[in-house]
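Here are a few notes to read alongside the coordinates.

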Amino acid sequence: MKTECMYPESNTASHSEQADPSLVFRTFQPGDEQPFKHLNEAWISRLFVLEDADHKVLDHPREAILERGGEICVAELDGEVVGCCALIPIGENEYELAKMTVSESARGRGLGRKLLAYTIAQGRRMGARRLYLESSHHVADAVHLYEQLGFRHLPPPAVPSPYARANIFMELLF
C-alpha cells in the first residue's frame with residue numbers, strides 16, 4: 001500500500017514553516033530500487049566500507065525488506081528521490097530503522113528530520129510498538145536527530161551487529 005504525504009508532521013508544523021509543494025514523502029514504489037541503493041552506497045562508502053550486510057539489503061530491497069513485511073520510506077524533491085529510510089521487521093511489531101540518508105544536494109533543508117518523522121509515523125501506521133536502530137559515533141548529527149525525535153540509547157546487544165561500524169544502539173518505544 002502506497003502512502004503519500006506532503007507534510008510529514010502536518011499536525012505539529014508551525015504556521016511560519018512553509019511547506020515545499022515539490023517535496024513529497026511516500027512509501028516505496030517500483031523504480032525506487034536504484035535510488036535506494038545509490039543514495040545508501042554514497043554515504044556508506046564515503047564514511048565507512050560497504051559490508052556484506054549492506055549488499056544483502058541494497059541489492060535486494062524487495063526480498064530483504066518489503067516481502068518480509070517492512071517498508072521503505074522515500075523523500076522526493078521535484079520528482080527526484082533524494083532521501084530514504086527503511087523499516088525492517090525484526091520481531092512482532094518491532095522494526096529496525098535502517099538505511100536512512102538524504103542526498104548531499106538536498107541536505108541543509110531539514111529533509112532528514114522530516115523523513116525521519118514520516119518514517120516513525122509510517123512505523124506507527126504499521127503497528128510498531130518498537131523501533132530499533134544501530135548507528136555510529138562518526139555520524140553524530142544523525143544520532144543527535146534520533147535523540148531529538150525520541151530515541152533512547154541502549155547498551156550494545158548480546159548478539160553482535162552484522163555491521164562493524166555500529167557502536168551506537170537506540171530504540172523508540174510506542
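1. A word on terms before the packing comes up: contact here means heavy atoms within 4.5 Å. Please also keep in mind that this is a predicted model.

2. Let's begin with the overall layout. The chain has five helices and eight strands, and from the N terminus on they run β-β-α-α-α-β-β-β-α-β-α-β-β. Of the 174 residues in the chain, 48% are buried. The accessible surface comes to about 9,100 Å², with carbon and sulfur atoms holding 52% of that area. If you take the contacts with a separation of 6 or more, 63% are between residues 24 or more positions apart.

3. Which residues of helix 5 (residues 140-148) are buried? They are Val-143, Leu-145 and Tyr-146. These residues cover an arc of only 160° around the axis, so they sit on the same side of helix 5. As a reminder of the geometry, an α-helix has 3.6 residues a turn, so residues three or four places apart point the same way.

4. What do the buried residues of helix 5 pack against? Their partners are strand 5 (94-102), helix 4 (111-125), strand 6 (130-135), strand 7 (152-154) and strand 8 (168-173). After helix 5 comes Gly-150, with a positive phi near 105°.

5. Next, the rings. The structure holds three aromatic pairs. One of them joins Phe-25 and Tyr-118 in a tilted arrangement, 5.9 Å centre to centre with 35° between the planes. This pair links distant parts of the chain, since Phe-25 belongs to strand 2 (residues 23-27) and Tyr-118 to helix 4, 93 residues apart. Phe-25 and Tyr-118 are both buried.

6. Another pair is formed by Trp-43 and Phe-48: the ring centres are 6.1 Å apart and the planes lie at 85°, so this pair is edge-to-face. The cut-off behind that label is an angle over 60 degrees. Trp-43 and Phe-48 are buried too.

7. Two or more lining residues come from each of helix 1 (33-47), strand 5, helix 4, strand 6 and helix 5. Which element gives the most to this lining? That is strand 5, with seven residues.

Definitions and conventions. Residues numbered from 1 in each chain as written. Predicted model: local features only at pLDDT ≥ 70, side-chain atom pairs only at ≥ 80, totals over all residues. Heavy atoms only, no water. Helix = DSSP H or I, 4+ residues; strand = E, 2+ residues; numbered from the N terminus. Buried < 20%, exposed > 50% of the residue type's maximum accessible area, 1.4 Å probe, protein only. Areas by Shrake-Rupley, 256 points an atom, 1.4 Å probe, with all protein chains shown as cover. Arc of directions from axis to C-beta. Phe/Tyr/Trp six-rings, centres within 6.5 Å; stacked < 30°, edge-to-face > 60°.
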